[in-house]
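Subject: Structure handover

Hi,

Here is the structure I promised to pass on. My notes on it follow below.

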Amino acid sequence: YYDFRSEGDGALVVAIGDATGHGVAAGTMVTAAKALFSVLDLGRGLGAALAECDRALRGLQVRRLHMCLALARVTPRALAVCAAAMPPVLIRRRAGGVVEEVGAGGLPLGGGLEAERPELEAGLAPGDLLLFASDGLFEDPDPGGAAFGFAGVAAALGEVAEATAAEVVERLMVRAAARRGGGAPADDITVVAVRVL
């Protein structure tokens, strides 16, 4: 699942998530997360918004299903991200070509445990590229069983970083498919790229 929302101050809010399991029940979790994202009040911060989602999803009482979700607020100068069991956002810096990780971890939403989910921040500059992805990309195995991994994705991101955001997603998916020999991925893969202008 992924979604976008523009805020009145010009910020872009990005949601990316992954429901545990498959089928109708998992689809229900994603549908609920999408509905929640459309009405979330982000004025109290991303952590409070995730806590609100957590309460609502727990209220569904869909046993053994959870929603991994990250919310990010992107402006031309800064990224704020808060995650519930999602991989970190990768920032590929235009200046120097370094790839940084921001905001991993936390417990999934909809479970029985409440968790602290800190809002992490990073500065941004024109030309920086943000990559949001589900764990399916990082865990995607090659024919020998070796995962793409954070280092592999970061290296691939560096090779395609000058393309448009849409082309970055397309080229990363092509590289992931080539690594695994063209077969189907072992898990769902969701990838979103955002270019800072």
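Start with helix α5. The buried residues of α5 are covered by elements that include β8 (129–133), α3 (135–139), α4 (149–160) and β9 (191–195). Helices (H or I, at least four residues) and strands (E, at least two) are DSSP runs, numbered from the N terminus. Contact means heavy atoms within 4.5 Å.

Before going on, some ground rules. This is a predicted model, where local features need pLDDT of at least 70 and side-chain atom pairs count only at pLDDT 80 or more, while totals for chains, interfaces and linings use all residues. Residues are numbered from 1 along each chain as its sequence is written, and side-chain values use heavy atoms, with hydrogens and water left out.

**Helix α5**

Which residues of α5 are buried? They are Ala165, Val168, Leu172 and Ala176. Buried means under 20% relative accessible area, exposed over 50%, and partly exposed in between (1.4 Å probe, protein chains only). The arc is that of the directions from the helix axis to the C-beta atoms.

The length of α5 checks out. Its 15 residues (165–179) should span 21 Å at 1.5 Å a residue, and the end C-alpha atoms are 21 Å apart. The expected span is 1.5 Å times one less than the number of residues. After α5 comes Gly181, with a positive phi near 75°.

**The four-stranded sheet**

α5 lies across β8 and β9, running at about 145° to β9. Axes are lines fitted to C-alpha atoms, for helices over the stretch in contact, and angles run from 0 to 180 degrees between N-to-C directions. β8 and β9 belong to an open sheet of four strands, in the order β6-β5-β8-β9, with antiparallel pairing. Two strands pair if DSSP finds at least two bridges between them. The edge strands are β6 (99–102) and β9, and each pairs on one side only. The twist averages 20° from one strand to the next. β5 and β6 pair over four bridges in the antiparallel sense. Leu90 stands opposite Glu101 in β6. α4 lies across β5, β6 and β8, at about 35° to β5.

**The five-stranded sheet**

There is also an open sheet of five strands, again with antiparallel pairing, in the order β1-β2-β3-β4-β7. Its edge strands are β1 (2–6) and β7 (120–123), each pairing on one side only. Neighbouring strands are turned by 15° against each other on average, direction ignored. β1 and β2 (residues 12–19) pair over five bridges. Arg5 stands opposite Val13 in β2. Five residues lie between these two strands in their hairpin, where Gly10 takes a positive phi near 95°. β1 has a covered face, Asp3 and Arg5, and an uncovered one, Tyr2, Phe4 and Ser6.

α1 (residues 23–39) touches β1, β2 and β3 (67–74), and its direction makes about 5° with that of β1. α2 (residues 46–60) lies across β3 and β4 (78–84), at about 155° to β3.

In α1, the buried residues are Ala26, Met29, Ala32, Ala33, Leu36 and Phe37. They cover an arc of only 135° around the axis, which puts them on the same side of α1. They pack against β1, β2, α2 and β3. Gly23, Val24, Thr31, Ser38 and Val39 are exposed on the other side.

A polar atom of its side chain lies 2.9 Å from the backbone nitrogen of Ala125. That is a polar contact (a pair of N or O atoms within 3.5 Å; within protein, one must be able to donate a hydrogen and the other to accept it, and residues adjacent in sequence count only if both atoms are side-chain atoms). Leaving out residues up to four places away in sequence, Asp128 touches Ile91, Arg92, Arg93, Arg94, Val194, Arg195 and Val196.

Ala85 is in the loop between β4 and β5 (89–92). Its phi is positive, near 65°, although Ala85 is not a glycine. Most residues other than glycine have a negative phi. Ala85 is partly exposed, at 25% relative accessible area.

Best wishes
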